[in-house]
Amino acid sequence: MKKIILLFVLIIYPYTSYANCGAIRNADKRNFCLANQKRNSGFCGAIRNADYRNYCFAVIKNNRGFCGAIRSSDFRNQCLAEF
């Protein structure tokens, strides 16, 4: 019985964390959430807001160079503070 429960948890757990992102209505924020959870920068490319997209690439790729492309100075400083 314990093996069945463990197997169920191992199969279902990865989908529950992605389901949390699915509940986010804002598409840009949802894609950022998915990029973070899956550590996949492909989701960053789907973000429409250019500043938020560059922030996503900076965080996911661990490359502060993307912060320089952010037009909003406050958001750029926030991005740079991540590093």
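Trainee: Starting with Cys67 and Cys79, are they buried or exposed?

Mentor: In this predicted model, Cys67 is buried, and Cys79 is buried as well.

Trainee: What joins Cys67 to Cys79?

Mentor: A disulfide joins Cys67 to Cys79, with an S to S distance of 2.0 Å, and with -65 degrees about the S-S bond this link is left-handed. Cys67 sits in the loop between α3 and α4 while Cys79 belongs to helix α4, so the pair ties together parts that are 12 residues apart in sequence.

Trainee: How many disulfides does the structure hold?

Mentor: The structure holds three disulfides, and if the bonded cysteines of the chain are numbered in sequence order, the pairing reads 1-2, 3-4, 5-6.

Trainee: OK, what about Cys21 and Cys33, how far apart are their sulfur atoms?

Mentor: The sulfur atoms of Cys21 and Cys33 are 1.9 Å apart, and the two residues form a disulfide; with -70 degrees about the S-S bond, that link is left-handed. Cys21 lies in helix α1 (residues 2-22) and Cys33 in helix α2, so here too the pair ties together parts that are 12 residues apart in sequence. Cys21 is buried, and so is Cys33.

Trainee: And which residue is joined to Cys44?

Mentor: Cys44 is joined to Cys56 by a disulfide, S to S 2.0 Å, and the link is left-handed, with -65 degrees about the S-S bond. Because Cys44 lies in the loop between α2 and α3 and Cys56 in helix α3, this pair ties together parts that are 12 residues apart in sequence.

Trainee: Why does Cys44 count as buried?

Mentor: Cys44 counts as buried because its relative accessibility is 0%, where the cut-off for buried is under 20% relative accessible area. Cys56 is also buried, with a relative accessible area of 0%.

Trainee: Switching to helix α3, how many of its residues are buried?

Mentor: Helix α3, which covers residues 50-60, is mostly covered, since 10 of its 11 residues are buried. Among the buried residues of α3 are Asp51, Asn54, Phe57 and Ile60.

Trainee: Which helices do they pack against?

Mentor: The buried residues of α3 pack against α2 (27-38) and α4 (73-81).

Trainee: What's the angle between α3 and α4?

Mentor: α3 and α4 pack at an angle of about 10 degrees, and their axes are 10 Å apart; that angle makes α3 roughly parallel to α4. On the α3 side the contact is made by Asp51, Tyr52, Tyr55 and Ala58, and on the α4 side by Phe75, Gln78 and Cys79. Sorted by class, this contact of α3 with α4 has five nonpolar, one polar and one charged residues.

Trainee: And α2 with α3, at what angle do the axes cross?

Mentor: The axes of α2 and α3 cross at roughly 10 degrees and come within 10 Å, which makes α2 roughly parallel to α3. From α2 the contact takes in Asp28, Lys29, Phe32, Ala35 and Asn36, and from α3 it takes in Tyr52, Tyr55, Cys56, Val59 and Ile60. By class, the contact of α2 with α3 has seven nonpolar, one polar and two charged residues.

Trainee: Last topic, the ends of α3: which residue caps the N-terminal end?

Mentor: Asn49 caps the N-terminal end of α3, with a side-chain oxygen lying 3.0 Å from the backbone nitrogen of Asp51.

Notes:
Residues numbered from 1 in each chain as written. Predicted model: local features only at pLDDT ≥ 70, side-chain atom pairs only at ≥ 80, totals over all residues. Heavy atoms only, no water. Buried < 20%, exposed > 50% of the residue type's maximum accessible area, 1.4 Å probe, protein only. Helix = DSSP H or I, 4+ residues; strand = E, 2+ residues; numbered from the N terminus. Contact = heavy atoms within 4.5 Å. Polar contact = N/O pair within 3.5 Å; in protein donor to acceptor, adjacent residues only side chain to side chain. Axes fitted to C-alpha atoms, helices over the stretch in contact; angles between N-to-C directions. Parallel < 35°, antiparallel > 145°, perpendicular 65-115°, else oblique. Nonpolar A, V, L, I, M, F, W, Y, C, P; charged D, E, K, R; others polar. Disulfide = S-S within 2.5 Å.
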